Amino acid sequence: MGKHKYIETPKKLWELFQEYKKDVKNNPRKKHTFVGKEGRGDYELLERPLTMSGFRAYGHTKGVTILHYFNNSEGSYEDYRTICSRVLDEIRNDQIEGGSVGQYNASITQRLNGLTDKQEIKTEEKITDLTINVISKKK
């Protein structure tokens, strides 16, 4: 008998992701700001990015551990691979596009998605003159 799955089908996992996405986009973060010379308090609404950790946390609120589906624990979630890939692509796309247009912090979205510019610098030193003094200890 196969392992019991709390999300019965890949379609249900996709529906859960759509719920998460709707929740994230309909509930922006609020940043407290001060406006004008009087410093009147106000709130700036900031769109939240989709994240895998956010989706996992959302799953926990629904009583589901999503990580197993993405890790394909013990090969039990093979049928979910296509949906998991689609979810990861949507999350990555949201982060990259948001970072590209300045909606999200570009530096963080680059790091999250492995897009940082990496440069390898090699240096070589050549020793041309080496003097070794040997000091013997007399007893």
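## Salt bridges

The structure holds five salt bridges, and it should be kept in mind from the outset that the model is a predicted one. One of these bridges is formed by E47 with K25, whose closest N and O atoms are 2.6 Å apart. Because E47 lies in the loop between β2 (40–46) and α2 while K25 lies in helix α1, this pair ties together parts that are 22 residues apart in sequence. Both partners fall into the middle class of accessibility: E47 is partly exposed, with a relative accessible area of 36%, and K25 is partly exposed as well, at 28%.

K25 also takes part in a salt bridge with D94, and here the closest N and O atoms are 3.1 Å apart. D94 counts as buried, because its relative accessibility is 14% and the limit for a buried residue is under 20%.

A further salt bridge brings together the side chains of D42 and R40, with a distance of 3.9 Å from N to O. D42 counts as partly exposed at 32% relative accessibility, and R40 is likewise partly exposed, with a relative accessible area of 49%. Salt bridges that share partners join K25, E47 and D94 into one network.

## The nonpolar core

The largest nonpolar core of the model has 21 residues, and those with the most contacts inside it are L13, F17, F55, Y69, F70 and V87. The elements that give two or more residues to this core are the helices α1 (10–26), α2 (52–61), α3 (67–71) and α4 (81–100). Among these, α1 gives the most, with six residues.

What does F70, one of the residues with the most contacts inside the core, touch when residues up to four places away in sequence are not counted? The neighbours of F70 under that condition are M52, F55, C84, V87 and L88, and of these F55 and V87 are themselves listed with the residues that have the most contacts inside the core.

## Where α1 meets α2

The axes of helices α1 and α2 come within 10 Å of each other and cross at roughly 105°. An angle from 65 to 115 degrees counts as roughly perpendicular, and α1 is therefore described as roughly perpendicular to α2.

On the side of α1, the residues that take part in this meeting are L13, L16, F17, E19, Y20 and D23, and on the side of α2 they are G54, F55 and Y58. When the residues of this contact are divided by type, six are nonpolar, one is polar and two are charged. L13, F17 and F55, which take part in the contact between the two helices, are also named with the residues that have the most contacts inside the largest nonpolar core.

Another residue of α1 is Q18, which is partly exposed, with a relative accessible area of 28%. Q18 and G98 are 80 residues apart in sequence, and their C-alpha atoms are 18 Å apart in space.

## The loop between α3 and α4

Two residues of this loop deserve a careful look at their backbone angles. N72 is found in the loop between α3 and α4, and its phi is near 55°, a positive value in a residue other than glycine. E74 has its place in the loop between α3 and α4 too, and phi of E74 is also near 55°, again a positive value in a residue other than glycine.

## T33 in strand β1

T33 is found in strand β1, which covers residues 29–35. At 19% relative accessibility, T33 counts as buried, because the limit for that class is under 20%.

Leaving out residues up to four places away in sequence, T33 touches R40, G41, D42, Y43 and E44. Among these neighbours, R40 and D42 are the two residues whose side chains meet in the salt bridge of 3.9 Å described above.

Definitions and conventions:
Residues are numbered from 1 along each chain as its sequence is written. This is a predicted model: local features need pLDDT of at least 70, side-chain atom pairs count only at pLDDT 80 or more; totals for chains, interfaces and linings use all residues. Side-chain values use heavy atoms; hydrogens and water are left out. A nonpolar core is a set of buried Ala, Val, Leu, Ile, Met, Phe, Trp, Tyr and Cys residues joined through side-chain atoms within 4.5 Å. Buried means under 20% relative accessible area, exposed over 50%, partly exposed in between (1.4 Å probe, protein chains only). Helices (H or I, at least four residues) and strands (E, at least two) are DSSP runs, numbered from the N terminus. Contact means heavy atoms within 4.5 Å. Axes are lines fitted to C-alpha atoms, for helices over the stretch in contact, and angles run from 0 to 180 degrees between N-to-C directions. Angles under 35 degrees count as roughly parallel, over 145 as roughly antiparallel, 65 to 115 as roughly perpendicular and the rest as oblique. Ala, Val, Leu, Ile, Met, Phe, Trp, Tyr, Cys and Pro count as nonpolar, Asp, Glu, Lys and Arg as charged, and the others, Gly among them, as polar. A salt bridge is a side-chain nitrogen of Lys or Arg within 4 Å of a carboxyl oxygen of Asp or Glu.
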